[in-house]
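Please find below some notes on the model you sent. They go point by point and keep to the coordinates.

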Amino acid sequence: YQILISSQDKTIQKALETLQTMVSLAHEHLASALSSISIYDPVPLRIVRVANIERAQLLLESASRVALHRFMVQWLALIREQAPRLRFLVEVDPLEI
């Protein structure tokens, strides 16, 4: 099962920083929940720039839908609490990566 997180900003560095901040929060506060979840490094999208906006993405994977869902509930609550200004899009079971 997969979840794709996307971020967009004026520069690719800022979009990647947003996603890296999210990953850092997961590793700092939810390390025990990561045992059954893979978080891949943030990367630029294949088509990085659209309408002068740079885009990046982050992929999460797990063999367990329940574990991934539980992690996402905790992680999104943590992000809202610790970094409420981060803007991102969550896509569950994306059709295309």
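Is Arg-65 buried, exposed or partly exposed? Arg-65 is partly exposed, at a relative accessible area of 43%; buried means under 20% relative accessible area, exposed over 50%, and partly exposed in between, with a 1.4 Å probe and protein chains only.

1. Basis. This is a predicted model, in which local features need pLDDT of at least 70 and side-chain atom pairs count only at pLDDT 80 or more, while totals for chains, interfaces and linings use all residues. Residues are numbered from 1 along each chain as its sequence is written, and side-chain values use heavy atoms, with hydrogens and water left out.

2. Confidence. The chain has an average pLDDT (the predictor's confidence in each residue, from 0 to 100) of 92, and 99% of the residues score at least 70. Confidence is lowest in strand 3 (residues 43-50), with a mean of 84, and highest in strand 2 (residues 37-39), with 95. Helices (H or I, at least four residues) and strands (E, at least two) are DSSP runs, numbered from the N terminus.

3. Strand 4 and its partners. Seven of the ten residues of strand 4 (residues 53-62) are buried, so this strand is largely enclosed by the rest of the structure. Strand 1 runs antiparallel to strand 4, and eight bridges join them; two strands pair if DSSP finds at least two bridges between them. Strand 2 also pairs with strand 4 in the antiparallel sense, over three bridges. Glu-61 in strand 4 is the bridge partner of Gln-2 and also of Ser-38.

4. The hairpin. Strand 3 is joined to strand 4 by four bridges, and the two run antiparallel. They form a hairpin with two residues between them, and Ala-51 in the turn has a positive phi of about 55°. Arg-49 has Glu-54 of strand 4 as its bridge partner. The two residues also form a salt bridge, their closest N and O atoms lying 2.6 Å apart. Glu-54 is buried, at 8% relative accessibility.

5. The other salt bridge. What is the total number of salt bridges? The count is two, where a salt bridge is a side-chain nitrogen of Lys or Arg within 4 Å of a carboxyl oxygen of Asp or Glu. One of them joins the side chains of Asp-93 and Arg-65, at 2.9 Å from N to O. Asp-93 lies in the segment after strand 5 and Arg-65 in helix 2 (residues 65-82), so the pair ties together parts that are 28 residues apart in sequence. Asp-93 is partly exposed, with a relative accessible area of 31%.

6. Ser-7. This residue sits in strand 1 (residues 2-9) and is buried, at 4% relative accessible area. A polar atom of the Ser-7 side chain lies 3.5 Å from the backbone oxygen of Ala-15. Leaving aside neighbours within four places in sequence, Ser-7 is in contact (heavy atoms within 4.5 Å) with residues including Ala-15, Thr-18, Leu-19 and Glu-54.

7. Val-92. Val-92 belongs to strand 5 (residues 89-92) and counts as exposed, at 54% relative accessibility. Neighbours within four places aside, Val-92 is in contact with Gln-2 and Ile-3.

Technical notes:
Polar contact = N/O pair within 3.5 Å; in protein donor to acceptor, adjacent residues only side chain to side chain.
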